[in-house]
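Student: Could you walk me through one part of this structure in detail? I'd like a close look at the place where the two chains meet, with the cut-offs spelled out.

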Amino acid sequence: MRSFVGLFAFAAAFGAVIAVVYWFVAHEEAAGTALLAVMATGLAFAAAYAVVAERDARLEGDDPNETPQMAAGDDLGVFTTNSPWPVLIALCTLALFTGLLWSPLLGIAGLVGMILCFWRLGAESART
Amino acid sequence: MIEWLTTTDHKKIGIMYVVSTLSFFVIAGVLAALIRAQLAVPGNTLLGPHAYNQVFTLHGTAMIFLVIAPFGIGLANYLVPLQIGAPDVAFPRLNATGLWLFVLGGITVFAGLATYGGAAATGWTAYAPINEFFVGTGAGQDLFFIGLLMTSISTILTSINLLVTVFLFRAPGMTMWRIPIFTWEIVATAVLIIMAFPSLAAAFAMALIERHLGGHFFDAAYGGNPILYQHLFWFFGHPEVYVLILPYFGIVTEIIATFSRKPVFGYVGMVIAAFAIAALSLGVWAHHMFTTGAVSNPFFSAVSFLIAVPTGVKFVNWIGTMWKGSIALQVPMLFAIGFLLNFLIGGITGVMIASPPIDYQAHDSYFIVQHFHYTIGGGSMFALFGALYFWFPKMFGVKLEEGIGRWVFALLFLGFNATFIPMGFMGMEGMARRVYTYPAVGHLPLLNAVASAGALIMTLGVALFFIDVLVSIRRRAPVEDDPWGGYSLEWMTTSPPPEFNFKTLPAIRSRRPAIDSRPGSV
C-alpha cells in the first residue's frame, strides 16, 4: 500500500501547489483553479482513505523475497469467467441516456433494468 | 457467441477491445480517405460543406475516443495481469461492463449518420455555442454526446480496475519497482484518466442540459460563458493527449528492450518521467486556448515547455537502451524506430506552438493538423502496429508474416510522411483546417495533391496489414511461447495463455523474470 499512498499523496501535493500558483499567476481565474483544487482534493482523499482503511494491509507483491511457494495456500478469491449482467447493464445505460432525451418510458425501462441487473449481479457476486 | 458476450476473462475482453478498436479504425480510415479525396484538388465537389463537417468530426472523434485511447486500454486489459503475474483483473465483471459501454458508445456515435440532419458536425471538440446552434446539429449531436459519455464512463471504470489490479494483485516478489515499464505507463495513464475524464463527462452533460432542459451554462446571452466549456473540455483534452501516448511509450519501451537484447536503460528515470509528464499534463490545458485572450498565456506556455524535459528523458533512455545492443530489426522494432522518428517531429512542433506568438500564427491552420498527427498518428499509430506484431503471437498463437510486415511498415512510413509533411507547409501558406475546399493559390494544390497521394499509400499499407492477418491465420505456422526472447512475465506462459494465465508461477527475483528463468542465467 505504501506505493499507492505515495503516488496519490505526491499527485495531490502537486495538484495543490499548482492550483495555488495558478490562482495567482492567472489573475484569480476561477474555473481552472476550481478544477485543479477538486483534482487535488480527490487525490488526497484516495491517499488518506488508503492510510486509514488499509494501514495493516500486507501484500505479497510488496516483498521482494516472497516466492510463489511461500505464498501457497493464500486465497485470492474466486475469479468469475462468465456473467450475463455486464452487457445488459451497458444496454440499459444506453436505454437510460437515450430515453432521458427522447422517451421517458424508455428511460424508465433503462433505469429499472439497470437496477435489476445490478441486483442480480450483486447476488451472483455474493455466490462466487 | 454467448460465450464471448458474457465473458469476464480479461484476455477475451482485451481481444474484443482490440478487434472493436481496429473496426473503428477501419471506419475512421475510410473517413480520412474521404477527406483527402475531397481536398486532392481545389474546388472539389465530391463532398458538400455539411457532409465534410460530419466526415472530419467523426474521423477525429473515432481516432481519439474509439481507436487510440481504447486500444491502449484494451491492450492493458490483456497484458497487465499477465505482466504482473495475476490470474485476472481485480473486478472482472466491471471490466466486461466497461467493454460493452465502450462498444455501444462507439456505435451510438456513428448511429448519428442515420439521423435526419446527419451525424455530429462540430469537430471532435464540439465547442459551445456551436454544439447548440450550429445548423444540422440535431439528434446526431445528441448521439455524439451520449456515445462519448458512455465511453468516458467505461474508461474511468476500466482505469480504476487496472489501478486496483496493479496495486493489489501482483504476484509474490513482483514489487512495484519490478513491474514492466508498459504496466507503469498504464498506472500513470489510469491516474490521468481518473483525474481528467470526469471533466469531459461534466462538459458533455452540461451541453445536453443546455440542448434539452433549458440550461444556459455556456450561453453568453443568458449570463453563461462559452469559455467555461473550453476549460472543462481541455482540462480533459490535454491530459487525453497523454492518455493517447503514455501506453504507447510503454509499448515502444518493451519492444526496444526486447529487440536490443538489453535491460531498459534508466528504468527508474523512465517511471519518474512518465509521472512527471502525467502531472505536468494536468497543468497545460489552456495552451489550446491561447488565442481566446481569456487565459494566462505565460503560465500555460511555461508548463507546456516543461513537458519537453521528461519526454526528452524518455528519448535518451530509448536511445540508451539501443546503444551497443544487439539490435534485431524485426517488424515490431521497425515500427518502434518509426515511432521515435515521427514522434520526434510531433514533439518538436509541439514545443514550437507552446510559444504563444507562434501559436497565434499557427492556430487553426494545417500546421496544427500536422503537429498532432505526428504525435498521435506517427507516434501512437506506429506503436499500435508495433504492438500488434509484437503481441499477436501471444494473443492468438500465430506469428504474423515478417515479409508482409516489412512492406506494411514501409508503406505506412512512406505514406504517413508524404501525407503530413506537406501539411506543415500548407499551414505556413495560410490554409485553415476544417475547410472543405481551398483556392488554387501558391503551392496549395501541389501540397494537397502530395498529401492525398500519401494517404492512398497509407491506405494500401493498412489493407496489407489485414491481408497479413488473414494469410498468417490461414497458414497457422507453429509458434513458440516466447518467439522474440522477451523478458517480462507474459512470455513465460503458453501462447495463447490458459484460463487464469499461469499453470505455475516462477520465482520473481528481478525486473526480467523471463531472462532469469532461462538455462544458464545466474
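Tutor: Here is a walk through the interface, followed by a few related spots elsewhere.

Some ground rules come ahead of the details. This is a predicted model, so local features need pLDDT of at least 70 and side-chain atom pairs count only at pLDDT 80 or more, while totals for chains, interfaces and linings use all residues. Residues are numbered from 1 along each chain as its sequence is written, chains are lettered from A and ligands numbered from 1 in the order in which they are written, and side-chain values use heavy atoms, with hydrogens and water left out.

Now the interface. Chain A puts 50 residues into the contact and chain B puts in 61 residues, where contact means heavy atoms within 4.5 Å. Together the two chains bury about 4600 Å², and 78% of that sits on carbon and sulfur atoms. Buried area here is the accessible area (1.4 Å probe) that two parts lose on being put together, summed over both. On the chain A side, A:Leu35, A:Phe79 and A:Leu101 lose the most area to chain B, together 14% of what that side buries.

As for polar links, 9 residue pairs are in polar contact across the interface, both partners at pLDDT 80 or more. A polar contact is a pair of N or O atoms within 3.5 Å; within protein, one must be able to donate a hydrogen and the other to accept it, and residues adjacent in sequence count only if both atoms are side-chain atoms. Helix 1 (2-25), helix 2 (30-53), helix 3 (68-71), helix 4 (85-102) and helix 5 (104-127) of chain A each give two or more residues to the side touching chain B, and helix 4 supplies the largest share, 11 residues. Helices (H or I, at least four residues) are DSSP runs, numbered from the N terminus. By type, that side of chain A splits into 32 nonpolar, 12 polar and 6 charged residues.

The rule finds 1 salt bridge across the interface, meaning a side-chain nitrogen of Lys or Arg within 4 Å of a carboxyl oxygen of Asp or Glu. A:Glu124 pairs with B:Arg93 there, with the closest N and O atoms 2.6 Å apart. A:Glu124 belongs to helix 5 of chain A and is buried at a relative accessible area of 9%; buried means under 20%, exposed over 50%, and partly exposed in between (1.4 Å probe, protein chains only). Its side chain also makes a polar contact with the side chain of A:Ser83 (2.8 Å). Neighbours within four places in sequence aside, A:Glu124 is in contact with A:Asn82, A:Ser83, A:Pro84, A:Trp85 and B:Arg93.

Over all chains the count is 8 salt bridges. One of them joins B:Arg211 and B:Asp142 (2.8 Å, N to O). B:Arg211 lies in helix 7 (residues 181-213) and B:Asp142 in helix 6 (residues 139-168) of chain B, so this pair ties together parts 69 residues apart in sequence. Both B:Arg211 and B:Asp142 are buried.

Finally, the cysteines: there are 0 disulfides over all chains, a disulfide being a pair of cysteine sulfur atoms within 2.5 Å. The sulfur of A:Cys92 has its closest cysteine sulfur in A:Cys117, 4.4 Å away, which is too far for a bond.

How values were computed
Nonpolar A, V, L, I, M, F, W, Y, C, P; charged D, E, K, R; others polar.
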